[in-house]
Amino acid sequence: MDTQFIGENLRPGQLGHFFAITSFVAALFSLVSYTRSAYTEKTDLNNSRSWLLMGRNGFAIHSAAVLGIFFSLYYIIANHLFEYNYAWQHSSKTLPMQYLLSCFWEGQEGSFMLWSFWHCMLGLVVMRTSGILESRVMAVIAVVQLALSTMLLGFYFGPEMKVGSTPFMLLRHQMAGAPIFAQGNYLDFVQDGNGLNPLLQNYWMVIHPPILFLGFASTLIPFAYTIAALWKGEYQDWVKPAINWSLFAGAVLGTGIMMGGAWAYESLTFGGYWAWDPVENASLVPWLTLIAGLHTLVVYKSTGRSFIITTILLALTYLLVWYSTFLTRTGVLGDTSVHAFTGEGKSLYWHLLVVLGVLLLGSIIMIVRKWRSLPRVKTEENVDSREFWMFIGSFILLLSAVQIIISTSIPVWSPLAKWITGKDIAPPVDPVLHYNNIQVWVAIILALLSAGVLYLRFKTSDTKTVWKRLLITGAIALAVTVAVAYVQQIDVPQYALFLFASVFSVVASIYYIISVQKANLKKGGPALSHLGFGLSLLGILLSSFNKEVISFNTLGVVMNFGKKTDAENAKESRENILLFRNTPVAMGDYMVTYKGDSTSTEDPRTFYKVFYERYDEKNKEVKETFTLYPDAFVNPKGQTGLIANPASKHYLHKDIFTYVTSVMDPTKKTDTTSYKEHKVKNGDTVYLSSSYIVFHGFNTEVQNPNYKPANGDIAVTARLGVYDLQGKTKELNPVYYIRDGFENFIEDSLQTNQVYTRLAKIIPDENAAVIMVKQADPKDDYIVLKALVFPFINVLWLGIIVMVAGFFVSMWNRLTKKEKRAHILDL
C-alpha cells in the first residue's frame, strides 16, 4: 500500500515543472520557426514572414514560461515549502527577506534559471530592434535557450542517464529510502530548512550574481549578431548593434566582476579583492576577449580591417562563458577554488561539454563555410595608424586571456598531460605570484597603449602632433611618477614602470578629454574608459604594493595555522596578534581591545567586538575611537574549519582590513576565577586587573530589575561604582534580601569588563558590607586577529566606476548619433 503523505503542497512544483517543459518546447518551436524564416526569406517572402511571426510567438511563450518557473520557485522558497528539496537545501524560516532571492543562485538550477531569464529579457529587446537580421539572430538565441531549458528538465533515461536537474524535486524523492519518509506525516519532523550559506548572506551577494549573470547573458548578443552576419553573408548591418551590445556587455560584466571583488573583500579572507582564484579567473577571461573583440570591431567599422579576428574574438567570448560555466559547476575546480560548485555539479559534466561542443562546432562551421568571402583588406596597416595599435592591444588582451585560462584549467588538462608525459602537473603553489609575474607586464603594455592610441587617427596620423602630445603628457606623467614613487617608496623597477604606465594612461586620457575633445562628454566615452582603466591599475598598485600588516605578534607565541611548512606557520604567527579579552594591545597606531563576542540562535556566526583607540601623544588626547565586528563560524554547508568574514574601517585614503583567524573553542571555555571576599566601608576601593570598584554605600530602594519584591521582604542593595582608566563605566547593584527567614542574593555584573559582584553580608554596627567580587581571567577568552592596511584602495573603486561610465557614454553616443549609411568595404 502506498504511503499517503500529509501536508504536502504539490501544486507549485507541478506548475513549475509544467513551465519548465513549456519553456523547452517553446524554445524548440521558436528555433525551428526562425530557422525556416531565414531559409525562405529569399524564395518566399510571405512564407518567411509567417515563420518569423511564429518564431516571435514561440519566443514570447518561452519567456513567459521562464517567468513562470521563476515565480513558482520563489513561491516555494518564500512560503518555506520544505517538501521541496531546493527550498529545504537552500533556505530557512529565519532567513531575512532580502536574502530569499539569494537562495536562487546558491544552487545549480536557480543560477541556470537566472541566466535563462536574462537571455529572455535581452532576446525580447533584440526581437524588436534587430531588423533584417532578426530571424538569424533570434535563431542563435533560441538555440542557447533550448540548451539552457534542458538544464531544468530533470528527465531520466534509464538509471544512469539524466538530462538536467529540476528545482521542483520533492525532498522525499531526492532522499528516497530515508526512514523518515516511510511516515506520511514526515513534514511534522522537518521543522526548518538547511539554510543559506552564511557567506552568501551579504548585500553584495543579493546584487552581484544578477549583475554578473546579466553580463554573461549579454555576451550572447554580439555572438548572435556575429553568427547571423556569417550566416546571411551580410557584413554591414550587424556592426552598429554588435558594437552597442558589446559596450553594454563590457560595462555590465565588468561591473559584475568587480562586485564579486567587493564581496570577496568584505566576506572572504583573501586579504584583498582579488586572489586569482579560478572562479574569478573564469569570469575575467571572457571579459578580456570581449574587450579585445570590441576594439577590433571598431577597427572594422572604421577601416574594413580585422573582420576575421573580430568574429573569432566575439565567438570565443561566448564560448568562454560556457567553458567558464563548465569549470565552475562540474566540480573540476573543487580543490583549487574556495567558491566553485563541487560534487553536486558533476552530473552536468557531459551535459555542459555537449552544449559547448555544439556551440563550438557551429561557430567553426559558420566561419569555415564563408572563409573565402570574408571581408579582407589586402594592404598592410600603417604603423602610425590607430587600427595598427588597437590590433596590437587586442592581441595582447587575447594572450593575457590565454595564459589565465590555461593556468586555471590545469585540473582539466593535467590528467591528459600525465598520460602523455608521465608527469604530474599541479596548479601553482602561489597563484598570486604565478599570475602577477606575467600579468603585470601585460598591464604595463596595455596602459601605455591605452594612452597613446587616443592621439592616433585611423589609416594615418599627423606624427608630429602625436609625438608632441605624447611628450607633453609623458613629461607630466614622469614628474607625477617620481613624486608618487618617492612618497610611497616604490623602488622595484617593474612596479616603478607599472606606476609610470598607469599614471601616463591617466594623464594622457585627461589631457585628451580637455585639449582634443574640448570636454565634450558625449564623445568622451573611449577616453573615460581608458582613464578608468589607468586609475584602476594605479589603485591596484598603490593598495597592493604598500599593503601593510599591522597585527604583529609581539608576544613571541608560535601558533599553528595548518600550513604545509614550518616557515609558513612562522610567517602567519608573526602576522597574527593574540588578543585576550579586555586586555589592550598596541597594533600600529592603535590600542586594540577585544571586548567579547555575541551570538544568536538564528545565525551561526559569532561576532567579535574589537575596540580601536588612537591616542595623540603630543596633545595627550584621544584622537579617534571605533569598533569593528569581524565574525567567524563553522560553515554548516559542509566546508570544514573556521570560516571568517572580515570587517573593515574605511577612510578616504585607506582601509583597515581585519579578520579573525582563530578563536577559543566555546565548548572548552572555563571559568578559572573564583569569588573573593572584601569587607568595605563607604568610599573603599577594590582593585581588579583592568578596573576598580568603589563602594558608595547602601540603598533600600532596590534598583536591580532581577529582584521581584514580596510581602515581608527585607531588601537592600549595594551601590558599587565600576571605574576604568577613562572613568566610571557603570554602577552595579547587587541585592541582599531576607525572605521567610532565609538569606538570598541577586548578583549584578558588567559583561564588558567581565566583573561579577554579590552583596554577601551587611554589618550594621560598622556601616560596612562584605561583597564578593570576581573578574574573569583574560586568558579564559581570546581571539587571534589579522589586520592589514590597504592604502588608496578607493582609487581602484573610482577607476572601475569611471571605466564603466565610459562604456555607457560610448553606447549613448553611438545610439544617438546619426550616421551616414556607407558600405564598409568602400571606406
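Predicted model: local features only at pLDDT ≥ 70, side-chain atom pairs only at ≥ 80, totals over all residues.
## Overall make-up

The protein has 827 residues, and 53% of them are buried. Its secondary structure comprises 21 helices and 23 strands. Taken along the principal axes, the C-alpha atoms fill a box of roughly 115 × 85 × 60 Å.

## The second largest cavity

Two cavities of 30 Å³ or more turn up in a search of the whole structure. The second largest cavity holds about 40 Å³ of space. Its lining consists of Ser23, His62, Val66, Ile69, Met113, Ser116, Leu148, Ser149 and Leu152.

Three helices each supply at least two residues of this lining: helix 2 (45-78), helix 5 (108-129) and helix 6 (134-150). Helix 2 gives the most, with three residues. By residue class, the lining of the second largest cavity divides into five nonpolar and four polar residues, with no charged residue.

Four strands form an open sheet in the order 13-22-21-20, and their pairing is antiparallel. Strand 13 (676-681) and strand 20 (748-750) stand at the edges; each has a single partner strand, so one side of each is left without a neighbour in the sheet. On average, neighbouring strands of this sheet are turned by 30 degrees against each other, direction ignored.

Within the sheet, strand 21 (residues 755-763) and strand 22 (residues 768-775) run antiparallel and are joined by eight bridges. Tyrosine 756 stands opposite lysine 774, a residue of strand 22. In general, the strands of a sheet pair through backbone hydrogen bonds, in either a parallel or an antiparallel arrangement.

## The hairpin of strands 11 and 12

Strand 11 (residues 647-650) pairs with strand 12 (residues 654-663) in the antiparallel sense, over four bridges. The two strands are joined by a hairpin through three residues. In this pairing, alanine 647 has threonine 658 of strand 12 opposite.

## Cysteines

The structure holds zero disulfides. Cysteine 103 has a relative accessibility of 0% and therefore counts as buried. Cysteine 120 is also buried, because its relative accessible area is 0%.

Valine 480 has its place in helix 17 (residues 463-488). With a relative accessible area of 33%, valine 480 is partly exposed. Valine 480 and leucine 499 are 19 residues apart in sequence, and their C-alpha atoms are 9.5 Å apart in space.

Asparagine 813 lies in helix 21 (residues 793-816). Its relative accessible area is 15%, so asparagine 813 is buried, given that the cut-off for buried is under 20%. Along the chain, asparagine 813 and threonine 166 are 647 residues apart, and 43 Å separates their C-alpha atoms.

Definitions and conventions:
Residues numbered from 1 in each chain as written. Heavy atoms only, no water. 1 Å grid on protein atoms, 1.4 Å probe; cavity = no way out; pocket = protein on both sides within 12 Å on 5 of 7 lines; lining within 4 Å. Points joined across faces, edges and corners; volume = space filled by probe spheres on them. Nonpolar A, V, L, I, M, F, W, Y, C, P; charged D, E, K, R; others polar. Disulfide = S-S within 2.5 Å. Buried < 20%, exposed > 50% of the residue type's maximum accessible area, 1.4 Å probe, protein only. Pairing = 2+ DSSP bridges. Axes fitted to C-alpha atoms, helices over the stretch in contact; angles between N-to-C directions.
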